[in-house]
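Here is a short report on a few sites in one protein model. Look at the sequence and the fold first, then read on.

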Amino acid sequence: MQLNRIIALVLVAICFISATFGIQRRQMDEELNLKKVLDRDRLELVSLDGAITGARASASGAMAVRDRLRELIEEESVKGVLLSINSPGGTVGASKELYEAVKDLSEVKPVVVSMLDQATSGGYYAASSATKIYANAGTLTGSIGVILSGFNAKELLDRVGIQPQTIKTGPYKDIFSPFRELGEPERQLLQDLLQSTYQEFITDVSKGRKLDLEVVRKLADGRLYTGQQAKDNKLVDAIGTLDVAIADLRSLSRKKFNLPETRELPIRKTPASFERLLDQLLSEANVSIALPFLNITGTDRISGAIADQLTSKLTSRNMQTSSYDPPILLMPSWSN
């Protein structure tokens, strides 16, 4: 009887040990398979959605996309990048950052842009330095230009008896104040500023699209183009869907890296890093107070990232004061 118990316990122990090693082996195999998938030659899909700003609002926002494009320069397994754009444009600095990231990446590997509903102004700016641009026939694009807008409520305030009081250190510090009319010297100063930004915009588009500067200047009067009109004016290369753009990217990548036609080159959507996911979570949450985060992982990396991201979010919200300075926009004035 005692012997039977011992044999049973030994058998249970053997089963437990076998199961443990089996689970560990399966986990190792899964990790190796995942690593093999990530390391094999492939394409990557990066999506740029919404208005282009310097805020890190989501994984598909301008700065997160800029960061990912720069990471892909160093990833040897990625042989080509499809940049899907659905954006009305945005601020000057962030649009320029995207343009430069796309340009630098396209010098190393093919970058094909697929325009969806719209890729206007700053959205087109970012696309213009790609290897090739696809648009749908009904895509809205173009709107190459710069806008700075405000309003004057002086007459309304006078009617209700409100008299603003401003103390400033220079004649232009309250430029674009809604409490008074814009003076002619101020108007000229702002116009010169816009012209400088506009000149850089069309010069970069000219270089990216390999078009004569004067040709771009004639097209860059702020008007919108459909995808077909943009193709007729050489602002985009071809009309086609996302799938067509992917197929062309595969061909360009095989040619660039001398890969055989049998090489599959699967496409994978760019993964969201922990920081990007945290950005998106905090941007969607109505955070009003800072809470302490415990270091539950045993390292300072995660808790530090959370604290940094939360601090950044809270600071950006608290610093939104009633400044008169409107941003210079590379987007149609009617866009949200």
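The model is predicted. Serine 114 sits in strand S4, which covers residues 111-120. Its relative accessibility is 1%, so serine 114 counts as buried. The cut-off for buried is under 20% relative accessible area.

Next comes the surface. Leu156, Val160 and Ile162 make up a nonpolar patch there. Together they have about 290 Å² of accessible area. Leucine 156 belongs to helix H5, residues 154-159. Its relative accessible area is 55%, so leucine 156 is exposed. Exposed means over 50%.

Phi of lysine 210 is positive, near 55°, in a residue other than glycine. Lysine 210 lies in the loop between helix H6 (184-209) and helix H7 (213-219). Phi of lysine 234 is also positive, near 65°. Lysine 234 is in the loop between helix H8 (227-232) and strand S8 (238-239).

How do the relative accessibilities of these lysines read?

| Residue | Phi | Relative accessibility |
|---|---|---|
| Lysine 210 | near 55° | 73%, exposed |
| Lysine 234 | near 65° | 55%, exposed |

Lysine 210, at 73%, is over the 50% cut-off and therefore counts as exposed. Lysine 234, at 55%, is over that cut-off too and therefore counts as exposed.

How values were computed: Residues numbered from 1 in each chain as written. Predicted model: local features only at pLDDT ≥ 70, side-chain atom pairs only at ≥ 80, totals over all residues. Heavy atoms only, no water. Patch = residues over 30% accessible without salt bridge, like charges linked within 9 Å, V, L, I, M, F, W, Y side chains within 5 Å. Areas by Shrake-Rupley, 256 points an atom, 1.4 Å probe, with all protein chains shown as cover. Salt bridge = Lys/Arg side-chain N within 4 Å of Asp/Glu carboxyl O. Helix = DSSP H or I, 4+ residues; strand = E, 2+ residues; numbered from the N terminus. Buried < 20%, exposed > 50% of the residue type's maximum accessible area, 1.4 Å probe, protein only.
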